Amino acid sequence: MFDPNELIAAIARSGDRAAFVALFDHFAPRVKGLLMRGGTSAELAEEIAQETLLAVWRKAALFDPAKASASTWIATIARNLRIDIARRETRSRLSQVYEILDEETPEQPDATLSGAERDARVRAAMTRLSADQYRVVELAFLEGFSHQDVAHRLAIPLGTVKSRLRLALSHLRDRLEDLR
């Protein structure tokens, strides 16, 4: 009989590889499916599922069945890994927006606006985008979703997401020309 609590305990006690394989075979597809239902791409969901089970291997001794079931503990690890990845992507994408807006722009110390003024100008320019372009920029750059995730969330083709982003960034560049 499959008992995930006992399998985790066996991993914690002796690094039981057979127990890990059984746990992996049972939970990896479930974690992947859970993440995909939440809008994560299949490729990223599979990567997170593998990282989740590796975390189970490393942290098996920390599992307390009195606090949560094995499936809840494993789902929590997967959720936390997904949140960490989303945060890293958000930071990376925001810096990409500024890099795109700053392309080929020589620094003019006397003309530099403060960060707050600049952010306000970017936000104001974003409100002038079409609703479709605004939503794609919001999801991709502010909420940190991958282009594939944006396509899934909006039920549109990936190529459409990329086209809308390209047009939106072009409009933003034009509207923020004086910041250069």
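A: Helices (DSSP runs of H or I, at least four residues) and strands (runs of E, at least two) are numbered from the N terminus. By that rule, the protein chain has eight helices and zero strands, in the order α-α-α-α-α-α-α-α from the N terminus on. The model is predicted, so local features need pLDDT of at least 70 and side-chain atom pairs count only at pLDDT 80 or more, while totals for chains, interfaces and linings use all residues. Residues are numbered from 1 along each chain as its sequence is written, and side-chain values use heavy atoms, with hydrogens and water left out.

Let's start with the pair α1 and α2. Their axes (lines fitted to C-alpha atoms, for helices over the stretch in contact) are 8 Å apart and meet at about 140 degrees, on a scale of 0 to 180 degrees between N-to-C directions. The two helices are therefore oblique to each other, a label for angles that are not under 35 (roughly parallel), over 145 (roughly antiparallel) or 65 to 115 degrees (roughly perpendicular). Their crossing is left-handed, that is, the near helix is turned anticlockwise from the far one by less than a right angle, clockwise being right-handed. On the α1 side, Pro4, Leu7, Ile8, Ala10 and Ile11 make the contact (heavy atoms within 4.5 Å), and on the α2 side Ala19, Phe20, Ala22, Leu23 and Phe27 do. By class, this contact has 10 nonpolar residues (Ala, Val, Leu, Ile, Met, Phe, Trp, Tyr, Cys and Pro), no charged ones (Asp, Glu, Lys and Arg) and no polar ones (the others, Gly among them).

Leaving aside residues up to four places away in sequence, Leu23 touches Phe2, Pro4, Leu7, Ile8, Ile11, Ala28, Leu53 and Val56. Leu23 is also, with Ile8, Val56 and Trp73, among the residues with the most contacts inside the largest nonpolar core, which has 27 residues. Such a core is a set of buried Ala, Val, Leu, Ile, Met, Phe, Trp, Tyr and Cys residues joined through side-chain atoms within 4.5 Å. At least two residues of this core come from each of α1 (4-14), α2 (17-37), α3 (42-59) and α4 (70-101). Apart from it lies another core, of 19 residues, including Val122, Val137, Val161 and Leu165.

Further along α2 sits lysine 32. At 25% relative accessibility, this lysine counts as partly exposed, the range between buried (under 20% relative accessible area) and exposed (over 50%), with a 1.4 Å probe and protein chains only. Lysine 32 touches Ala42, Ala45, Glu46 and Ala49, again not counting residues up to four places away in sequence. Its C-alpha atom is 9.2 Å from that of glutamate 43, 11 residues apart along the chain.

For comparison, here is another helix pair. α6 and α7 pack at about 130 degrees, with axes 9 Å apart, and their crossing is right-handed. Arg135, Val136, Leu139 and Ala140 of α6 meet His147, Val150, Arg153 and Leu154 of α7. That contact holds five nonpolar, one polar and two charged residues. Within α6 (residues 131-142), the buried residues include Val137 and Phe141.

Finally, the chain as a whole: of its 180 residues, 36% count as buried. Among contacts with a separation of 6 or more, 61% join residues 24 or more positions apart.
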